[in-house]
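Let's take a walk through a structure together. Have the sequence and the 3D view handy, and turn things around as you read.

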Amino acid sequence: MSNYRNVSINRREFLYLGALAASGFLMKPELAISQNESLVVTLTRAASTAKINVTNLRGNISVLEGSGGNVAVLNKEGGKLMVDAGIGVSRKNMLVALDSISTAPIEYLINSHWHFDHSGGNEWVQKEGAIIIAHENTKKHLMETIRVDDLDYTFSPAPAEALPSIVFKEKHKHDFYGEQIEIEKYVPAHTDSDVSIYFPESDILHVADTFCNNYYPFVDYTTGGSIYGMIDAAKRNIDRTTSETIVIPGHGSIGSKVELVQFHEMLVVLCERIGKLKKQGKTLKEVMDAKPTASHDQKWGASLVDGNTFTYLVYKGL
Ligand SMILES: [Zn+2]
């Protein structure tokens with residue numbers, strides 16, 4: 001089982017580095033990787049002091065980067081609508097960032113999926129008076145005890161104050177001060193709770209963790225993720241964007257259709273390659289030794305999921 005163990009360590013490092021890079025923590029040398037505590041604990045500690053950077057994207061929409069996944073904020077005169085809320089302990093710095101946009105209250109929060117680095121702020125945001133909208137599986141997973149081995153962490157059920165009060169199955173349209181927001185479920189991809197959030201007036205699409213800009217994605221098989229679904233979601237993201245659309249990835253820098261196309265191509269090529277080897281009856285170790293991702297590692301595997309880790313994820317999912 002030593003192969004599995006090695007892969008697990010790589011995956012731990014990936015998750016740590018990925019979250020840190022996306023959160024801007026990677027620049028802090030004092031945050032050394034610890035093999036003795038869960039990444040959730042390490043990340044949460046780092047998020048408690050992380051500065052949140054605010055960038056206006058277009059129209060009334062800004063992105064907040066620094067705590068877990070990318071947070072989108074639609075600011076209207078009467079109130080704000082957020083997509084994701086980062087890690088819960090970032091409340092103070094999140095509020096500073098939100099106040100720098102305007103003093104309007106937070107009225108709604110949409111969860112892109114259930115993961116703690118996106119929904120961790122649910123409780124405080126709801127206590128601020130916001131209403132939470134999410135896919136029904138996000139609510140379901142937040143109410144469960146979930147063991148995620150790759151994070152070496154067991155998530156306890158969230159308190160009632162953190163649970164979404166508006167849930168849907170496939171699509172949900174929300175009118176916010178006359179601006180329409182279109183929320184749509186993906187097929188199970190990164191998890192079985194992923195939704196896209198589209199702002200037609202600004203032509204901005206938040207794609208949850210179905211897209212990481214410039215690195216291999218993670219697939220959470222513990223809550224229904226699927227590598228086939230990742231390809232499907234990547235294709236769907238391309239189909240619903242134009243060259244003008246601004247794409248907010250779950251993690252990584254703001255992107256566009258060009259990066260979505262590259263991401264989809266990478267997934268298709270590598271899944272085909274790894275699938276072929278698996279069909280020939282090769283073991284995971286044999287497939288990893290064949291380095292099927294070598295041609296793509298420089299672009300996609302340099303700092304986050306490395307080639308071996310991604311090979312493992314694809315092999316497992318095919
Ligand atoms: Zn996620």
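This is a predicted model: local features need pLDDT of at least 70, side-chain atom pairs count only at pLDDT 80 or more; totals for chains, interfaces and linings use all residues.

Let's begin with the strands. Find β10, at residues 171-176, and then β11, at residues 179-185: the two pair in the antiparallel sense, with 6 bridges between them. If you'd like a landmark on this pairing, look for K173, which sits opposite E182 in β11. Together β10 and β11 make a hairpin, and 2 residues lie between the strands. Y177 is in that turn, and its phi is positive, at about 50°.

Now stay with β11 and look for its pairing with β12, which covers residues 195-199. These two run antiparallel as well, joined by 4 bridges. Here the pair to pick out is E184 and its bridge partner in β12, S196.

Next, move along to the helices. Two packed helices are described by the angle between their axes and the distance between the axes. For α7 (residues 227-239) and α8 (residues 257-279), the axes come within 9 Å and cross at roughly 150°. An angle over 145° counts as roughly antiparallel, so that is how α7 and α8 lie relative to each other. The crossing of α7 past α8 is left-handed.

Which residues in α7 and α8 meet? On the α7 side they are I227, M230, I231, A234, K235, N237 and I238, and on the α8 side K257, L260, V261, F263, H264, L267, V268 and C271. The residues of this contact split into 11 nonpolar, 2 polar and 2 charged.

Technical notes
Residues are numbered from 1 along each chain as its sequence is written. Axes are lines fitted to C-alpha atoms, for helices over the stretch in contact, and angles run from 0 to 180 degrees between N-to-C directions. Angles under 35 degrees count as roughly parallel, over 145 as roughly antiparallel, 65 to 115 as roughly perpendicular and the rest as oblique. A crossing is left-handed if the near helix is turned anticlockwise from the far one by less than a right angle, and right-handed if clockwise. Two residues are in contact if their C-beta atoms, placed from the backbone, lie within 7 Å. Ala, Val, Leu, Ile, Met, Phe, Trp, Tyr, Cys and Pro count as nonpolar, Asp, Glu, Lys and Arg as charged, and the others, Gly among them, as polar. Two strands pair if DSSP finds at least two bridges between them.
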